[in-house]
Structures are given as C-alpha cells and as structure tokens.
Amino acid sequence: MKTSYTTRYASSPKAVKKYDTQELRDEFLIPDLMEPGKIKFTYTHYDRYIVGGIVPTSPLNLETIDPLKAEFFLERREMGVINAGPSGSISVDGEVFKMNHKDALYIGKGAKDVVFTSDDNANPSKFYINSSPAHKAYPTKHVSKEQANKVELGSLETANHRTVNQMIIGGIVTTCQLQMGMTELKTGSVWNTMPAHVHDRRMEIYYYLDIPQDQAVCHFMGEPQETRHIWMNNHQAVISPPWSIHSGSGTSNYTFIWGMAGENLDYNDMDVAKITELR
Ligand SMILES: O=C[C@H](O)[C@@H](O)CC(=O)C(=O)O
Ligand SMILES: [Zn+2]
C-alpha cells in the first residue's frame, strides 16, 4: 500500500491543560509525513481537515481513504498543494501542472484522476497537501510564489521580519473554505506570528521547512493565557486547534506553510493577543 492515514480527534482546552510533553506531541505534532514512495495522510476532526505528504519516487495516484466513504478523494473535497521539495508535476484529469519548488496548486472538488510525479525520482518532490470538505466545484489553479499576495510583517529589531506569501486565498483563487500560504523569515529573524493570535472560527496547521541542520523551531500553542510548547524538526507539521495560538521561535530563520479552514474566508479576522498578556 502506497497510501496510508492516521486519525486525530479534537481536544478541548480544558483537557490539554493537563497534557504532558508526550501527550501534547501525540495529539498535535505530525512528525513524519514525508516518506519516499508514499502518500501519508492525517485525517483530523478539526473541521475534517486532512494534512499529508506525497513523495513520488515513481508517479503516485491520489487514492481515496476509508474515512471519506467516497468513490474518489475529491468527490466532496477541495485540496491545496505546495511543493516543499525539488520540482515535479501534478496531472489533474489529464491537465499537467509544472510544480517548481514552492509552487502551489489548488485542486477543485470533483477532480478524479490526480497524479503526482517528481522530475527526478532519485531526488523526489515533497508535495505538502491540505484538504477540507467542499460542496461546490471551483476551477483548479496553479499559483507560483511570484504570483502570491505578499505581506511584509515585523522587523529585524523584534526578530520577526517575515514575508507572508498568501497563495491560495480570495483574490487569487476561489475556494470553498481552504486558505493556504507560505511565510518566509528573513535572516536574523526567528519569531513567526508574533504578536500571536487565535481565530476560534478556524483551525490551522503549520508545516515547518527550510530549518537548517542541527537547528529546530519551538512552536507555541494553547490559549493565550495558558501556553505550551512543542519542539519541531524540519518537515514536521503541527495542528492548531481553533482556540489555540500558533506561533514559533527558531534557533535560526526558517519557512513555514500555513493552511486553515472553518467558518469564513476572512484572513484578517484574527483576535490578536497582547504580547505582555501571554502566560
Ligand atoms: O491566520 C494566519 C496564519 O496564522 C499565518 O498566516 C500567520 C503568519 O504567517 C505569520 O504571522 O507569520
Ligand atoms: Zn492563524
């Protein structure tokens, strides 16, 4: 079997207060989603969002998984893909999209025949995928990093100078509920999403990449007045429940892909936590 999945149930903030390090990691960290030759999904009960990694050492077909009880994966879903590895391509019902490093592809509901291929099987692509339920078919669309809506945030003085590349977002791509993008930190900046925020109407998942060897990112989660941390290595993902902050500080600069779904498509509706009031 080339496709496998695991399931994560939703946790309440009251329960999470009592979790120890291992329980926090078991519930929220997705440690190994990129495995050569495999398609690995995690089906979450947070807005039924699916996160996964596809690393083709030969062409890999998108197959349905049992929890969907669907004929094909995108029967009632939409999908966002960002290539976190070397170049490759994705074929969607016969139309081939070239996927350079850090290119994104939105695949609309109803696409049946989706095939992931690396340009060089010995040096495979790392297709990072997010998928959420969808009830309307919007067109499949390729978005390069150059086409992203760029938002420059923070400063070097506060070690949080970064560029938010909004890639799968209203104005660029029309989706049912999925939003995705990629934030790159400048050299010398280590803090992402600081000031931190919550959006109780949307869950979110972060996937960290470009972390240099022997470095790591400390990811912060929890209610703003009850925070916890999870140490993350390169190419690992972490689930952010809707009631949780999602912020990180690295031992170097790095990049992360964010993706979210829920009540609306308003990227800017976040409730920002005051830095001095975090606990
Ligand atoms: O809800 C939005 C997401 O948390 C991220 O887009 C935030 C982010 O990339 C950043 O501040 O660096
Ligand atoms: Zn957020």
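Start by selecting residues 202–209 and 255–262: these are strands S18 and S23, and they pair in the antiparallel sense over eight bridges. Strands here are DSSP runs of E at least two residues long, helices are runs of H or I with at least four, and the numbering goes from the N terminus. Two strands count as paired if DSSP finds at least two bridges between them.

A word on the model before you click further. It is predicted, so to speak of a local feature takes pLDDT of at least 70 and side-chain atom pairs count only at pLDDT 80 or more, while totals for chains, interfaces and linings use all residues. Residues are numbered from 1 along each chain as its sequence is written, with chains lettered from A and ligands numbered from 1 in the order in which they are written.

**Stop 1**

Now select residues 236–240, strand S21, which pairs with S18 in the antiparallel sense over five bridges. In S21, the partner of Ile205 is Ile239.

Is S18 enclosed or open? Eight of its eight residues are buried, so the strand is largely enclosed by the rest of the structure. (Buried means 20 or more other C-beta atoms within 10 Å of the residue's own, exposed means 12 or fewer, and partly exposed is in between; the C-beta atoms are placed from the backbone.) In a regular strand the side chains alternate between the two faces of the sheet. Colour Arg202, Glu204, Tyr206 and Tyr208 for one side of S18, and Met203, Ile205, Tyr207 and Leu209 for the other: both sets are buried.

**Stop 2: the sheet**

Zoom out to the seven-strand sheet. It is open, with antiparallel pairing, and its order is S2-S21-S18-S23-S15-S14-S13. At the edges you'll find S2 (29–30) and S13 (149–153), each pairing on one side only. Further in, S15 and S23 pair in the antiparallel sense over six bridges. Click Thr183 and look across to S23: Phe256 stands opposite.

**Stop 3: ligand 1**

Next, show ligand 1. Around it are Leu153, Arg162, Val164, Gly181, Thr183, Asn192, Thr193, Glu204, His246, Trp258 and Met270. To be listed, a residue needs its C-beta atom, placed from the backbone, within 6 Å of the ligand. Strands S14 (162–168) and S15 (179–185) each supply at least two residues of this shell. By class, the shell has four nonpolar, five polar and two charged residues. (Nonpolar covers Ala, Val, Leu, Ile, Met, Phe, Trp, Tyr, Cys and Pro; charged covers Asp, Glu, Lys and Arg; the others, Gly among them, are polar.)

**Stop 4: the annotated residues**

Select His197, His199, Glu204 and His246, which an unreviewed UniProt entry lists under "binding site". They span 50 residues in sequence, yet no two of their C-alpha atoms are more than 11.5 Å apart, so they gather at one spot. UniProt positions follow the numbering used here, feature names are shortened, and annotations may be inferred rather than shown by experiment.

Take Glu204 on its own. It sits in S18 and is buried, with 25 other C-beta atoms within 10 Å. Leaving aside neighbours within four places in sequence, Glu204 is in contact with Ser240, His246, Trp258, Gly259 and Met260. Contact means C-beta atoms, placed from the backbone, within 7 Å of each other.

His199 is in the loop between S17 (197–198) and S18. It also counts as buried, with 22 C-beta neighbours inside 10 Å. Beyond four places in sequence, His199 is in contact with Pro242, Asp269, Met270 and Asp271.

**Stop 5: two loops**

Jump to Lys102, in the loop between S8 (95–99) and S9 (104–107). Which residues does Lys102 contact, leaving aside neighbours within four places in sequence? They are Ile82, Asn83, Lys145 and Met182. Lys102 and Lys145 are 43 residues apart in sequence, with 6.4 Å from C-alpha to C-alpha.

Then try Gly154, in the loop between S13 and S14. With 20 C-beta neighbours inside 10 Å, Gly154 counts as buried. Not counting residues up to four places away, Gly154 touches Asn160, His161, Arg162 and Ser189.

**Last stop: the whole protein**

The protein comes to two helices and 24 strands. Of its 279 residues, 45% count as buried.

Notes. Two residues are in contact if their C-beta atoms, placed from the backbone, lie within 7 Å.
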